[in-house]
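Please take a moment with the sequence and the 3D structure below, and keep both in view while you read the explanation that follows.

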Amino acid sequence: MTTASISELKANLSRYLREVRRGNEVEVLDRGAPVARLVPPAAGDDEGVRTRLIGAGLLRPGKGGAAALLDAEPLALPVRLSESLADDRADRL
(Lines give C-alpha, C1' and ligand atoms only; values in the text may rest on other atoms or scores of the structure.)
Protein backbone atom coordinates (compact mmCIF):
# COMPACT_ATOMS: atom_id res chain seq x y z
CA MET A 1 0.00 0.00 0.00
CA THR A 2 1.23 3.45 -0.91
CA THR A 3 0.99 6.36 1.52
CA ALA A 4 0.69 10.05 0.68
CA SER A 5 0.27 13.21 2.68
CA ILE A 6 -2.70 15.43 1.88
CA SER A 7 -0.50 17.99 0.15
CA GLU A 8 1.24 15.29 -1.89
CA LEU A 9 -2.13 13.80 -2.85
CA LYS A 10 -3.45 17.21 -3.94
CA ALA A 11 -0.35 17.92 -6.00
CA ASN A 12 -0.33 14.51 -7.72
CA LEU A 13 -3.95 13.35 -7.62
CA SER A 14 -3.95 11.97 -11.17
CA ARG A 15 -0.92 9.80 -10.44
CA TYR A 16 -2.50 8.34 -7.30
CA LEU A 17 -5.83 7.73 -9.05
CA ARG A 18 -4.00 5.81 -11.80
CA GLU A 19 -2.47 3.68 -9.09
CA VAL A 20 -5.88 3.00 -7.55
CA ARG A 21 -7.31 2.12 -10.99
CA ARG A 22 -4.59 -0.50 -11.25
CA GLY A 23 -5.94 -2.13 -8.10
CA ASN A 24 -3.59 -0.64 -5.50
CA GLU A 25 -4.58 1.18 -2.32
CA VAL A 26 -3.40 4.64 -1.23
CA GLU A 27 -3.45 5.64 2.43
CA VAL A 28 -3.84 9.39 3.01
CA LEU A 29 -1.93 10.87 5.94
CA ASP A 30 -2.56 14.11 7.82
CA ARG A 31 0.58 15.07 9.76
CA GLY A 32 1.65 11.43 9.69
CA ALA A 33 -1.65 10.00 10.93
CA PRO A 34 -3.87 7.98 8.55
CA VAL A 35 -7.17 9.75 7.78
CA ALA A 36 -8.44 8.02 4.64
CA ARG A 37 -7.80 5.21 2.23
CA LEU A 38 -8.37 5.28 -1.52
CA VAL A 39 -9.37 1.86 -2.78
CA PRO A 40 -10.75 0.66 -6.11
CA PRO A 41 -14.50 0.03 -6.13
CA ALA A 42 -15.63 -3.54 -5.63
CA ALA A 43 -16.61 -5.22 -8.89
CA GLY A 44 -20.37 -5.18 -9.47
CA ASP A 45 -20.98 -2.88 -6.50
CA ASP A 46 -22.76 -0.22 -8.60
CA GLU A 47 -26.21 -1.53 -7.76
CA GLY A 48 -25.40 -1.58 -4.04
CA VAL A 49 -24.26 2.05 -4.19
CA ARG A 50 -27.44 3.03 -6.06
CA THR A 51 -29.60 1.25 -3.50
CA ARG A 52 -27.82 2.98 -0.60
CA LEU A 53 -28.20 6.40 -2.24
CA ILE A 54 -31.92 5.82 -2.80
CA GLY A 55 -32.30 4.67 0.80
CA ALA A 56 -30.52 7.78 2.06
CA GLY A 57 -32.81 10.01 0.01
CA LEU A 58 -29.90 11.31 -2.09
CA LEU A 59 -31.09 9.75 -5.35
CA ARG A 60 -34.54 9.43 -6.84
CA PRO A 61 -34.94 6.55 -9.29
CA GLY A 62 -36.16 7.46 -12.75
CA LYS A 63 -39.60 6.52 -14.01
CA GLY A 64 -38.45 5.71 -17.53
CA GLY A 65 -39.70 7.24 -20.75
CA ALA A 66 -36.88 9.77 -21.08
CA ALA A 67 -36.25 8.63 -24.66
CA ALA A 68 -39.49 10.33 -25.71
CA LEU A 69 -37.90 13.69 -24.91
CA LEU A 70 -35.44 13.18 -27.73
CA ASP A 71 -38.30 12.94 -30.24
CA ALA A 72 -40.04 16.11 -29.01
CA GLU A 73 -39.89 19.34 -31.00
CA PRO A 74 -37.49 21.97 -29.63
CA LEU A 75 -39.03 24.74 -27.56
CA ALA A 76 -40.05 27.84 -29.46
CA LEU A 77 -38.35 30.68 -27.61
CA PRO A 78 -39.29 34.34 -28.09
CA VAL A 79 -35.60 35.31 -28.55
CA ARG A 80 -32.55 33.69 -30.07
CA LEU A 81 -30.40 32.00 -27.48
CA SER A 82 -27.19 33.50 -28.90
CA GLU A 83 -28.65 37.02 -28.58
CA SER A 84 -29.73 36.38 -25.03
CA LEU A 85 -26.25 35.11 -24.10
CA ALA A 86 -24.62 38.11 -25.76
CA ASP A 87 -26.85 40.47 -23.77
CA ASP A 88 -26.08 38.62 -20.56
CA ARG A 89 -22.33 38.76 -21.15
CA ALA A 90 -22.23 42.37 -22.43
CA ASP A 91 -21.40 43.80 -19.01
CA ARG A 92 -18.33 41.53 -18.70
CA LEU A 93 -16.52 42.97 -21.70
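Which residues are linked in a network of salt bridges? They are Glu25, Glu27 and Arg37, where a salt bridge is a side-chain nitrogen of Lys or Arg within 4 Å of a carboxyl oxygen of Asp or Glu. This is a predicted model, in which local features need pLDDT of at least 70 and side-chain atom pairs count only at pLDDT 80 or more, while totals for chains, interfaces and linings use all residues. Residues are numbered from 1 along each chain as its sequence is written, and side-chain values use heavy atoms, with hydrogens and water left out.

By this rule the count comes to six salt bridges. One of them joins the side chains of Glu8 and Arg15, at 3.6 Å from N to O. Another links Arg92 with Asp88, whose closest N and O atoms are 3.5 Å apart; Arg92 is exposed at 61% relative accessible area, whereas Asp88 is partly exposed at 46% (buried means under 20%, exposed over 50% and partly exposed in between, with a 1.4 Å probe and protein chains only).

Turning to the strands, which are DSSP runs of E with at least two residues, numbered from the N terminus, we find an open sheet of three in the order E1-E2-E3, with mixed pairing, where two strands pair if DSSP finds at least two bridges between them. Strand E1 (2-5) and strand E3 (33-38) stand at the edges with a single partner strand each, so one side of each has no neighbour in the sheet. E1 and strand E2 (residues 26-30) pair in the parallel sense over four bridges, and Thr3 stands opposite Glu27 in E2.
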